[in-house]
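Open the model in your viewer and keep the selection tool handy. We will go through it one selection at a time.

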Amino acid sequence: MTDLTKLTIAEARDKLRKKEVSATELTQAFIDAIEVANPQLNAYVRTTPELALKQAEESDRRLKSGDARPLEGLPLGNKDLFCTKDVETTACSKILEGFTPTYESTVGSNLWNAGAVMLGKLNCDEFAMGSSNETSAYGPVVSPWRRAGADGQLTSENLVPGGSSGGSSAAVAADLCLGATATDTGGSIRQPAALTGTVGIKPTYGRCSRWGIVAFASSLDQAGPLAKTVRDAAIMLRSMASHDPKDSTSVETPVPDYELALAQGVKGLRVGVPKEYRVEGMSPDIERLWQEGIEWLKAAGATIHEVSLPHTKFALPTYYVVAPAEASSNLARYDGVRYGLRVEGKDLIDMYENSRAAGFGKEVQRRVLIGTYVLSAGYYDAYYLKAQKVRTLIKRDFDDAWQSVDVLLTPTTPTPAFKIGEKLDDPMAMYAQDIFTVTVNMAGLPGISVPAGISVDGLPLGLQLIGKPFDEATLFRAAQVIEDAAGHFKVPQRWWETAR
Amino acid sequence: MQESATASNPKNLIEGATGKWEVVIGLEVHAQVASKSKLFSGAATAFGAEPNSHVSLVDAAMPGMLPVINAECIAQAVRTGLGLNAKINLKSVFDRKNYFYPDLPQGYQISQFKQPIVGEGEIEIDADGETLTIGIERLHLEQDAGKSVHDQHPDYSYVDLNRSGVALMEIVSKPEMRSSRQAQAYVTKLRTILRYLGTSDGDMEKGNLRADVNVSVRKPGDQLGTRCEIKNVNSIRFIGQAIETEARRQIDILEAGGKIDQETRLFDPGKGETRSMRSKEEAHDYRYFPDPDLLPLELTMDFVGELEASLPELPDAKKERFTQEFGLSDYDATVLVAERASADYFEAVASGRDGKVAANWVINELFGRLNKEGKDIADSPVSASQLGAIVDLISSNTISGKIAKDLFEIVWSEGGDPAEIVEARGMKQVTDTGAIEKAVDEIIAANPDKVEQAKAKPTMIGWFVGQVMKVSGGKANPQAVNEILKQKLGIE
């Protein structure tokens with residue numbers, strides 16, 4: 001019998017409809033795979049097999065009676081940033097230990113109402129702050145990918161799966177779910193996708209509701225899917241997206257059937273290549289890959305145009321003012337008063353200090369402090385206000401680019417995956433991981449990362465496509481062309497099964 | 001800083017050891033918006049519920065919860081702005097005011113800092129016989145906090161979040177008041193306008209209206225002095241006391257050669273003093289920034305226009321109309337328009353009747369009686385149509401003014417149709433001159449000495465009138481009695 005966990009969403013959907021497999025069998029296959037892999041990969045922080053099997057049972061009933069919903073019986077993982085009704089939700093922080101919401105996020109509700117099955121909660125960086133999934137209170141996620149040594153054999157070094165959606169990317173790459181929810185504030189969907197050979201799309205700001213997702217930086221946060229293929233990501237996003245009256249920043253605009261766009265190709269599509277993205281320190285692998293991507297799109301009928309996004313160099317520092325500022329305020333509610341961790345103290349202030357010192361990890365504390373600083377009297381104008389102005393300029397760069405091109409093609413990350421621990425004590429090096437992705441969040445645009453090649457030492461690399469607001473369909477079209485040309489990049493060996 | 005025309009009015013100055021001082025007052029009034037649900041959540045705003053029974057997930061700041069603006073609260077703020085003759089800002093922004101406190105679940109209050117919904121406006125007040133215009137600086141919307149409860153447990157404080165997220169309007173005046181009476185008149189008038197508009201019940205006992213009072217003193221003509229802010233004063237009487245106390249404290253310090261520290265103070269009505277709460281150095285850095293969960297609020301001219309067209313008549317206009325239409329004195333009109341319910345009651349009584357008589361009965365008899373019993377006009381046992389019927393009986397000479405007061409008492413305590421009561425209890429005025437003449441003759445015959453006195457001193461006729469009324473049980477028509485007496489006694 002074939003390994004059911006290797007299926008894509010599209011394949012599994014067909015098999016379920018043709019009754020070649022039941023939702024219960026499919027779900028059980030993932031439950032078993034997680035049981036084997038998770039002690040080593042640490043992708044899930046909480047599994048919900050009973051809930052999953054109950055949902056699968058309902059799916060089987062519906063599949064049998066012919067009223068299957070779009071995602072009927074498809075087992076997915078859910079990033080721990082998404083609040084789940086009656087299932088503990090911690091944002092991978094000690095401060096939310098034991099917190100069980102009475103409500104389900106809108107994106108989660110959309111998925112489960114579309115028939116999807118939840119396998120459990122996925123690991124991530126604490127409050128989504130990180131680019132390697134090492135800041136999680138539950139410990140780092142280990143990437144299913146390993147470097148190939150000189151002898152062609154896999155090395156035993158543990159690599160990061162990217163972050164903050166590292167649990168999501170690792171679980172998808174290791175076949176521990178068909179697809180996963182993720183969130184992206186500065187690259188947290190696209191960078192992990194690039195580092196694990198998976199597809200991740202950050203939709204336009206306002207496309208998915210933020211209601212019920214633990215907030216990091218409200219003006220940048222956006223939910224999206226991580227999946228094995230472009231088609232799978234298209235299928236998932238269609239169900240995740242919705243206008244939500246409970247989120248004032250969600251936008252009322254129709255959600256197209258993205259799957260229909262996939263076959264449309266890129267003939268005549270104007271593809272921009274921003275010259276400012278050729279940064280120093282970019283690996284030769286990435287340079288080569290970017291050029292290949294250009295050739296593939298050209299070969300498929302697109303035209304290539306060099307464009308300028310002059311304020312790109314300010315994007316990272318601007319992001320690291322805006323995001324921590326909002327985070328410092330968003331995380332003020334974790335005060336030990338109503339829920340989550342409380343460490344008693346001699347008075348109120350002491351209790352606050354004890355609770356937040358014990359509850360927040362180092363990176364979260366760093367960002368809360370930066371954010372508090374940049375909003376303080378006397379510094380507000382120099383930092384926060386200036387950053388907002390630069391943000392407007394960054395948006396304008398893109399608006400100008402859209403005059404002459406339809407999409408932009410860039411690398412997703414400057415390097416392939418790195419060793420666990422390698423950048424943990426060097427926040428600046430870690431922040432540089434987001435150099436190609438943050439601009440997209442600053443401008444509220446959609447961006448997709450699609451696997452496009454393999455580095456010299458055998459690690460996956462991704463290309464990023466950036467689109468106009470609410471034009472995710474064009475991103476899926478172009479990404480499909482790259483995927484078709486580059487092929488799929490599967491983990492060469494399930495070393496975690498033999499290492500047991 | 002704009003100077004008020006009253007700045008030099010000597011009667012507002014306070015005598016100090018070194019001469020006269022002027023007190024400069026600005027007020028920040030917090031009024032709870034009248035709305036069924038909170039500013040950013042669907043939870044109810046009703047007063048007096050069980051602790052933590054009106055709390056939504058948003059109000060408790062659960063993870064992932066987002067605020068959504070309540071359109072009715074926006075409409076109420078715009079109505080208030082229009083009622084204050086203020087500029088309505090078609091674009092305004094909600095900001096986060098960040099600070100930690102257990103009754104502030106989000107760790108920030110959503111407020112409006114740089115771009116409030118309402119800009120400059122003005123209020124006309126009457127104080128010490130002067131009519132003054134006091135400038136309004138701005139009106140903005142913000143969330144109320146919850147309440148900390150400290151007396152329920154020996155070691156812990158409890159938090160009640162029922163008020164958390166309730167919409168408040170903060171209405172900031174310009175520092176244009178120069179006496180405690182002016183400040184009191186300002187709050188009273190503001191409260192009246194809010195109640196007319198129905199945008200706040202202005203109930204100070206429930207804490208639905210409270211004021212932060214900014215006070216400074218200076219020698220007339222000098223630069224503005226350093227101000228102190230007295231927080232959360234919750235009655236009009238206390239506002240007056242707090243200003244007097246604080247002004248005196250500042251004058252004493254300055255006259256002793258000291259200087260005023262800019263600080264936040266609390267008024268203790270029991271001790272009759274203000275005391276320091278926190279100094280400028282201890283002031284919070286609120287780290288205001290635009291709330292990224294909310295888009296800027298944009299209003300259309302149509303929306304504002306519709307609200308403007310539906311505004312009720314406001315007290316100043318009503319007072320003007322009452323004096324014109326009903327010939328009321330300025331004083332009577334002012335008393336009647338102070339509450340919309342009183343004005344409406346009066347208008348119902350006065351409609352189609354003599355306005356002055358109606359005003360007299362509403363103000364003297366009805367209000368007097370209501371005050372005595374501590375009742376509100378809404379709970380008046382005598383309805384406007386009943387009082388109108390009493391006025392009709394007086395106008396038609398069916399009853400005398402004295403009998404009317406008895407009738408009012410009967411209607412107050414027993415209810416019923418005044419005309420029927422008069423009929424059934426024989427309270428009609430006696431205009432039968434034969435009966436009156438008979439009574440007059442009897443009294444003249446019985447009191448020859450008084451008759452002599454009256455001839456010498458015609459005002460003695462009053463005694464005879466009294467006697468006749470007594471004999472007739474008050475029902476004799478006083479005019480007829482007078483005429484017959486004059487004729488029989490031979491006096492002019």
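**First stop: a hairpin in chain B**

Select B:Ala127, and you will find it opposite B:Glu130 in strand 7 of chain B. This is a predicted model, in which local features need pLDDT of at least 70 and side-chain atom pairs count only at pLDDT 80 or more, while totals for chains, interfaces and linings use all residues. Residues are numbered from 1 along each chain as its sequence is written, and chains are lettered from A and ligands numbered from 1 in the order in which they are written.

Now select residues 121-127 and 130-143 of chain B: these are strand 6 and strand 7, paired in the antiparallel sense over 7 bridges. Strands (E, at least two residues) and helices (H or I, at least four) are DSSP runs, numbered from the N terminus, and two strands pair if DSSP finds at least two bridges between them. Strands 6 and 7 of chain B form a hairpin with 2 residues between them. In the turn, click B:Asp128, which has a positive phi of about 50°.

**Second stop: a helix residue**

Jump to B:Ile410 in helix 10 of chain B, residues 401-414.
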